[in-house]
Amino acid sequence: MIKTVCFDLHNTLAYYDPPRAEIHTRVCHEFGIPVNSEAIRQSLPVADAFWMKEDSGSPVDKRPDKERFALYAKYEAKLIKGAGFEVDPEIASQVLVKARQSFKFRLYDDALPTLKLLKGRGLKLGLISNVSEDILSIIKELGLEPYLDFQVISLEVGVDKPHPDIFRAALRKAGSTAEETTYVGDQYDSDVVGARGVGIKAVLLDRSDSFVRISSCPRIHSLTEIVNYI
């Protein structure tokens, strides 16, 4: 019997508005770097993979300032290079810092109705997210606080999904066993594989049919469909 349902945050409950590609493109233009938005969008997965690899070895936000800012510069330089332009590390760092100031989250239309429905059924609800900042202000701003019983973030645990420790930390906070828990996320490798690694049932949220070839786990297109798997 499922007693706890956990959710990813980015691209599951909430999304960037405007999209990250648009933000990075606009800021690049302000610095005289003539990238186009589509090229940046296509380059983001590679840059993100670089960041996740660096963060999984040693959480970036726990490193000394000098080392952390050097990684910021490498990330943005890799992103811009993937869009066809070479930039100085100092400029790259300035672009990322300014871009991050513009990041705003918006809830998907199906987020609150789903959380209200599950909460009404007496389920415990939690958040598991790879974020390197205090997430409480974001939770409050989005109106999620009344529905979430707990949250576990990579900054707190010291590892990112799919590392098993972040999922085990969620089980401890929930006071539930893996068999009593379902996890919903939008990435197969970090969300589904990670959750299953500790025995948690996993559901893949695929809003845009990006994982049509995945058949090894339940795949849904809207959060409201999660009620069919608990």
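The largest pocket of this predicted model is lined by 49 residues. His-10, Asn-11, Tyr-16, Arg-20 and Asp-48 lie nearest its centre. A pocket is here an open set of points, on a 1 Å grid over the protein atoms alone, where a 1.4 Å probe fits, with protein on both sides within 12 Å along at least five of seven lines; lining residues have an atom within 4 Å of a point. The elements giving two or more residues to this lining are strand S2 (14–16) and helices H1 (20–30), H2 (37–57), H4 (89–100), H6 (136–142) and H9 (188–196). Helices (H or I, at least four residues) and strands (E, at least two) are DSSP runs, numbered from the N terminus. H2 supplies the largest share, nine residues. The space in the largest pocket comes to about 1,700 Å³. Volume is the space filled by probe spheres set on the points, which are joined across faces, edges and corners. By class, 21 lining residues are nonpolar, twelve polar and 16 charged. Ala, Val, Leu, Ile, Met, Phe, Trp, Tyr, Cys and Pro count as nonpolar, Asp, Glu, Lys and Arg as charged, and the others, Gly among them, as polar.

Residues are numbered from 1 along each chain as its sequence is written, and side-chain values use heavy atoms, without hydrogens or water. Local features need pLDDT of at least 70 and side-chain atom pairs 80 or more, whereas totals for chains, interfaces and linings use all residues.

The second largest pocket has a volume of about 190 Å³. Its lining includes Asn-11, Tyr-108, Asp-186 and Phe-211. Three of the lining residues are nonpolar, four polar and three charged.

Asn-11 lies in the loop between S1 and S2. Its phi is positive, near 65°. The residue is partly exposed, at 39% relative accessible area (buried, under 20%; exposed, over 50%; partly exposed, in between; 1.4 Å probe, protein chains only). Asp-209, in the loop between S7 (201–205) and S8 (219–220), also has a positive phi, near 55°. Asp-209 is partly exposed at 39%.

Helix H5 (residues 111–120) buries Ala-111, Thr-114, Leu-115 and Leu-118. These residues fall within an arc of 95° seen down the axis, so they line one face of the helix. The arc is taken over directions from the helix axis to the C-beta atoms. Gly-122, with a positive phi near 85°, follows H5.

Two peptide bonds are described as cis: Asp-17 to Pro-18, with omega near 5°, and Lys-161 to Pro-162, with omega about 15°. Pro-18 lies in the loop between S2 and H1.
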